[in-house]
Amino acid sequence: MSAIPLALYVAAFIAYAWHFARRDAPAGRAATTVLVAAALVHTFVIGMQTMEVGHIPVASTTSAISSFVWLLALSYLYIEMTTDERAMGVFILPLLAALQAIPALHPGVEDRSGVLRSPLFGIHVSSLLFAYASFAVACVIGITYVLLFKEIKAKQLGFFYARLPSLQVLDAMNQRAIVIGWIFLTIGMIVGAVWAARAQGYAPGDPRVQAMSLQDPKIFVALVCWAVYSFELFAARRIGWGGRRAAYLSALGFAIVLLNFVPISYFLTKSHNF
Amino acid sequence: MHLLLVGISHKTAPVELRERLDFHARGLGESVRQLTGRGSAREAVIVSTCNRAELYVACDEIDATRDDLTRFLSEFHALPASRVTPHVYGQPDLDAARHLFRVAAGLDSLVMGEPQILGQVKQAHTAAADAHTAGPILNRLFHSSFAVGKRVRTETGLGSGAVSVSYAAVSLARKIFGDLSGRNVVVIGAGEMGKLTARHMKSQGVRYITIVSRTMANAARTAEAIGGARATPWEDLDGALGASDIVITATGAASPILTRAHVDRVMRPRRNRPLFIIDIAMPRDVEPAAGEIEQVFLYNIDDLQATVRENLARRASEVTRAEGIVGQEVEKFGTWLRAREAVPTVVALREHFETIRRAELERLDFKLSALPPEARARVDEITHLIVEKLLLTPTEQLKVLSDGETITAYSEALSRLFGLTDAASQESPGTDSSRRVTPFNRSKSGPSR
């Protein structure tokens, strides 16, 4: 069932790429339309899964990825509508399509174990997914910032110069996305810690609950991630690390997020393999 | 009916003559009214810019009208014909349409693809429409030209990229800072170049301009000349640079006034806010190495000229696509124009049938007079419907014909078969009986060159 949103994301990517390369206005409108359709279908899919299992499907890694893709699509659409800027789509859509391929090809079993029946768990997962979506947006904006920066610096005004918004706008958007992401990351981690502490009380025998410590790769890498973004925010405000350095940091931060989100969740963690 | 263009442009006439042939001084509306008052043209629009003066008319006789329009150009501006005539070009029919479409697209401009011309063409048409000198043909022609201009701008890169150094600088500044209105611009040097650039920045919406010069009096004078700018003494240069976003250097100094170390020092308290330095001085005012500093964007006059050259080259590479659009639109317009040639025949045919119908009704009046009024009305209605039905197919067939020769052949056949000789008239503003022409002898009247 996740294959239909995947197909639509791929179609939207093609339209965004066409729009970006040829600067074709109808292609841009078509791209947005297809992406809106993809988000709607995806909403429907997630809604159906919710009805089926009785809660929002975020407990298994696979369904969490699907929800993340959905959130990222909505976040991107929000940015596109508020800034009236379609150039970023060509960078976001490959990420959406690639990640959506996982639930489309390997539909995971959404089976919520007893440990997870706590409202804190819902807050934990949804705020982290939202943080990750913001970081993805920041990363993409950062990449486009660097591309444009290099063109202007090298005095080779060409492809990106003609297509991207100004450096100032990109920098401001990047900062905003990082701030939002950082806030949700912080909330998500605190709530997770509180919930893990409580779980020690009511499910002490569960090996996953026992593994919830800083030695667990998933938790450790999440902290690294928090450190990177905290530093970026501090550096941008205190030591003038705006612009290109901030852009590189947001790319680094999101690389860590992806690492934590996909390979570590599937293969390494002992605490988060639900 | 023919389309005709007579005019001069930067390609055929020197600027001294173009200045003399400007129509704006006496008003486009008044000029175009005088033009149609001469009687040689049925419809007229005058396109007048600093690079061209062109008369677009719809007329019956190409050669005579061409001569009359040439005379109009010199007489209206009180110039001897010998001064004007050698520079005048004329284009008949679809060549005139193609010319206008190329003009509207910016293909005929001095600076390829410049956008102002489309507005000027629109203005020309509005003036003529207000003066009631633009009729169905020129209305259609000009609306098509607006469509061409719009298509070329959105579908090709003909108008993209700055093509003057000052616009290149402004467009770079916009790409770095976005909106410029809240940005601080510092101009170093109070000479003519500095003043010009500061004026340009101001016209682009920059509100905060500071002039720094070695002589405070010069700075103050320049600041006053620009209006709304501040002057700062040379000793406060670092302070001004620290608060600036865009720095324009235009001094006559023999050696660089901003070294890399100097810029580095200025950048630190700015916390790496981007700084865009435009060095338009010759010899250069800023050490090139300053451009290596993170968040410093340094462009000198050569760099700006290089981007202008690139933009011009890119525009040139779009010409083929733009010409393709012009070609398509000329084709469309031609189809419409040829279909219009059938209009007089259609009108004549309808008038002929209507005349017969009325004559017959009159002839039978004595028989119909016995009928009650409602029944007579029915008879009138029925006969009218019969005529309409009979003419429906021939009318439609005539209107879809697109090639001129076929239309002429059909028209001639119809006029012979039905004896349509003098009933046809062509609608146009101010049609009067002396201007009535039969559409069927057009092969004699207007050989297109």
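Among the elements of chain A, helix α8 (residues 207-210) has the lowest mean pLDDT, 67, whereas helix α1 has the highest, 89; pLDDT is the predictor's confidence in each residue, on a scale from 0 to 100. The structure is a predicted model, in which local features need pLDDT of at least 70 and side-chain atom pairs count only at pLDDT 80 or more, while totals for chains, interfaces and linings use all residues. Residues are numbered from 1 along each chain as its sequence is written, and chains are lettered from A and ligands numbered from 1 in the order in which they are written.

The mean pLDDT of chain A is 82, with 89% of its residues at 70 or more, and chain B averages 85, with 93% of its residues scoring at least 70. The model as scored has an ipTM of 0.77 and a pTM of 0.68. In chain B, pLDDT stays under 50 over residues 423-449, a stretch for which the model has 43 contacts beyond four places in sequence; two residues are in contact if their C-beta atoms, placed from the backbone, lie within 7 Å. Where pLDDT is low, the predicted coordinates should not be read in detail.

Chain A contains 10 helices and 0 strands, and its pattern along the sequence is accordingly written α-α-α-α-α-α-α-α-α-α. Helices (H or I, at least four residues) and strands (E, at least two) are DSSP runs, numbered from the N terminus. Of the 274 residues of chain A, 46% count as buried, a residue being buried if 20 or more other C-beta atoms lie within 10 Å of its own, exposed if 12 or fewer, and partly exposed in between, with C-beta atoms placed from the backbone. Among the contacts in chain A with a separation of 6 or more, 80% join residues 24 or more positions apart.

One helix pair in chain A is formed by α1 (residues 3-22) and α4 (residues 89-105), whose axes come within 9 Å and cross at roughly 160 degrees. Axes are lines fitted to C-alpha atoms, for helices over the stretch in contact, and angles run from 0 to 180 degrees between N-to-C directions. The helices α1(A) and α4(A) are therefore roughly antiparallel to each other, since angles under 35 degrees count as roughly parallel, over 145 as roughly antiparallel, 65 to 115 as roughly perpendicular and the rest as oblique. On the α1(A) side, the residues that meet α4(A) include A:L6, A:Y9, A:F13 and A:F20, and those on the α4(A) side include A:V90, A:L93, A:L96 and A:Q100. The residues of this contact divide into 17 nonpolar, 2 polar and no charged, where Ala, Val, Leu, Ile, Met, Phe, Trp, Tyr, Cys and Pro count as nonpolar, Asp, Glu, Lys and Arg as charged, and the others, Gly among them, as polar.

Within helix α3 (residues 61-83) of chain A lies A:F68, which counts as buried because 24 C-beta neighbours fall inside 10 Å. Apart from neighbours within four places in sequence, A:F68 is in contact with A:L99, A:L129, A:Y132 and A:A133. The C-alpha atoms of A:F68 and A:V125 are separated by 10.0 Å, although these residues stand 57 residues apart along the chain.

In chain B, helix α8 (residues 165-177) and helix α13 (residues 301-317) pack at an angle of about 95 degrees, with their axes 9 Å apart. That makes α8(B) roughly perpendicular to α13(B). B:V165, B:A168 and B:A169 in α8(B) meet residues of α13(B) that include B:I301 and B:L304, and the contact comprises 6 nonpolar, 2 polar and no charged residues.

Between the chains, 15 residues of chain A are in contact with 17 residues of chain B. On the side of chain A that touches chain B, α7(A) gives the most, with 3 residues, and the residues of that side divide into 7 nonpolar, 5 polar and 3 charged.

Some backbone features remain to be described. A cis peptide bond, with omega of about 0 degrees, joins B:M282 and B:P283, and B:P283 is placed in the loop between β9 (275-279) and β10 (296-300) of chain B. A:K155, in the loop between α5 and α6 of chain A, has a positive phi of about 60 degrees although it is not a glycine, and A:K155 is partly exposed, with 17 other C-beta atoms within 10 Å.
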